[in-house]
Amino acid sequence: MTEAYFTGVERIRYEGPDSDTPLAYRWYDPDRMVLGRRMADHLRIAVCYWHSFCWPGSDPFGGGTLDRPWMGSGDPVALAEAKMDVAFELFEKLGAPFFTFHDRDVAPEMGSLRETQATFARLTERLQGCIERSGVKLLWGTANLFSHPRYMAGAATNPDPEVFACAAAQVRDALEATHRLGGVNYVLWGGREGYDTLLNTDMARELDQLGRFLTMVVEHKHKIGFTGTILIEPKPMEPTKHQYDHDVATVYGFLKRYGLETEVAVNIEVNHATLAGHSFEHEVATALALGVFGSIDMNRGDPQNGWDTDQFPNDHVELALPMARILEAGGFTNGGFNFDAKIRRQSVEPDDLLHAHVGGIDTLARALLAGARLVEDGRLRSLRAERYAGWKSDLGQKLLGGLDLAGAADAGLGLDPRPRSGRQEMLENLVNRLV
């Protein structure tokens with residue numbers, strides 16, 4: 001596209017909390033120092049390609065409502081190029097330092113897989129030019145192994161080995177493209193790696209296939225010299241009835257089984273956490289405890305809906321505690337906050353995309369400031385440490401390493417420990433005062 005798509009809009013600027021400008025940042029000040037680091041470097045914000053530029057606004061009950069010029073009829077490659085131009089226009093106007101993409105976001109299906117992959121390679125070269133011109137970097141790439149009909153029964157877990165091989169071709173090319181474009185992570189989302197019914201499912205075989213596939217990806221990462229992180233994105237269900245990457249703990253167990261726990265981390269999505277029956281904070285805490293914390297897909301669900309609504313975040317209080325945990329752990333290394341979120345299908349104006357991202361970025365920035373206050377205050381951390389202080393005693397150390405069960409039992413027979421309050425209400429009040 002030769003003309004601006006978001007007409008009349010300049011680069012979004014920080015104007016402060018008192019600003020009444022609709023398209024201005026009130027909290028996101030990229031250069032503001034927070035706990036010794038720039039706000040932009042803490043958040044590492046990325047805009048996703050798929051929801052923002054590929055989703056037509058459809059749902060199971062109706063067709064697309066978003067009339068995008070690049071979604072019309074015509075030469076599919078020319079339309080993909082126009083979409084790419086608009087994508088980078090949005091990235092630059094938002095001042096987003098990163099973006100993310102699926103292979104099929106960048107290049108359309110062209111008939112045969114061979115032709116499609118060749119088109120992806122050509123358009124990746126153009127994508128590299130956009131990156132160099134704009135300075136917007138790639139947080140991560142991935143392959144779409146769920147949209148094409150061949151993947152209706154999964155990709156790596158498919159009962160047909162030919163489908164497995166097709167998936168391998170896509171992942172090889174997407175991983176190599178990510179490496180070439182300077183991406184710092186590669187994500188595998190098992191969109192259909194699961195089952196709809198156990199009646200036709202050999203679960204042991206499918207898990208072994210998935211383990212083999214992931215091992216091949218890790219081996220290829222090292223073969224090509226990609227130094228970024230391989231990430232798995234947990235999700236409990238949808239589109240399948242049950243997905244093998246149900247939540248962070250399940251993924252960790254899978255990685256341990258196939259000896260990949262030091263090679264692969266997790267990309268946690270907020271809405272996937274709640275669909276699994278967890279809080280976002282729980283999934284972050286689990287990943288940090290197990291040593292597999294990698295990156296975040298930032299969105300939210302609707303508490304009245306039981307599916308993945310992928311809405312933009314708008315509640316900084318809800319995000320303050322997980323943000324504090326991330327800060328206490330030292331923050332991201334390769335990861336970042338990727339807006340895997342989509343506008344509502346009634347939001348049909350181009351600038352609705354801008355409003356959505358500005359609001360989401362400001363929510364993250366405000367949550368960062370609240371999380372930093374919790375960290376600087378230190379009382380949550382010290383009260384938590386105090387609760388477990390007994391484990392530093394002579395008895396605690398012996399129980400953790402030295403005494404066998406009989407010895408621990410003998411030590412316990414002479415004790416009479418008294419119940420101690422968990423102080424939950426006091427801690428909740430403390431958090432409310434600080435955030």
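Select E233 first: its relative accessible area is 4%, so E233 counts as buried (buried is under 20% relative accessible area, exposed over 50%, partly exposed in between, with a 1.4 Å probe and protein chains only). The model is predicted, so local features need pLDDT of at least 70 and side-chain atom pairs count only at pLDDT 80 or more, while totals for chains, interfaces and linings use all residues. Residues are numbered from 1 along each chain as its sequence is written, and side-chain values use heavy atoms, with hydrogens and water left out.

**Around E233**

E233 sits in the loop between strand 8 and strand 9 (242-243). Helices (H or I, at least four residues) and strands (E, at least two) are DSSP runs, numbered from the N terminus. Show the neighbours of E233 next. Not counting residues up to four places away in sequence, E233 touches V187, L188, W189, D245, N267, E269, H272, D297 and D340, where contact means heavy atoms within 4.5 Å.

**The first annotated group**

Now centre on D297, which is in strand 11 (residues 293-297). D297 is buried, at 0% relative accessibility. Leaving out residues up to four places away in sequence, D297 touches W140, E233, N267, I268, E269, V270, N338 and D340. Which side chain joins that of D297 in a polar contact of 3.2 Å? The partner is N267. A polar contact is a pair of N or O atoms within 3.5 Å; within protein, one must be able to donate a hydrogen and the other to accept it, and residues adjacent in sequence count only if both atoms are side-chain atoms.

**The second annotated group**

E269 is found in strand 10 and is buried, with a relative accessible area of 2%. Apart from neighbours within four places in sequence, E269 is in contact with E233, D297, N299, D308, D310 and D340.

Move on to D308, in the loop between strand 11 and helix 11 (316-328). D308 is buried, with a relative accessible area of 10%. Among the residues that D308 touches are K235, E269, H272 and K342. The side chains of D308 and K235 make a polar contact of 3.2 Å.

**The barrel**

Switch to a cartoon view. Eight strands close into a barrel in the order 3-4-5-6-8-10-11-12, with parallel pairing. From one strand to the next, the twist averages 30°. Two strands pair if DSSP finds at least two bridges between them. Strand 8 (residues 229-232) and strand 10 (residues 264-269) run parallel and are joined by three bridges. On this pair, L231 stands opposite A265 in strand 10.

Axes are lines fitted to C-alpha atoms, for helices over the stretch in contact, and angles run from 0 to 180 degrees between N-to-C directions. Helix 6 (residues 161-180) lies across strand 5 (137-142), strand 6 (185-188) and strand 8, at about 155° to strand 6.

**D208 in helix 7**

Select D208, in helix 7 (residues 203-224). Is D208 buried or partly exposed? D208 is partly exposed, at 39% relative accessibility. Not counting residues up to four places away in sequence, D208 touches R257 and Y258.

**The cysteines**

C54 is partly exposed, with a relative accessible area of 26%. For C130, the closest cysteine sulfur is that of C54, at 14 Å, also too far for a bond. C130 counts as buried, at 7% relative accessibility.

Methods
A disulfide is a pair of cysteine sulfur atoms within 2.5 Å.
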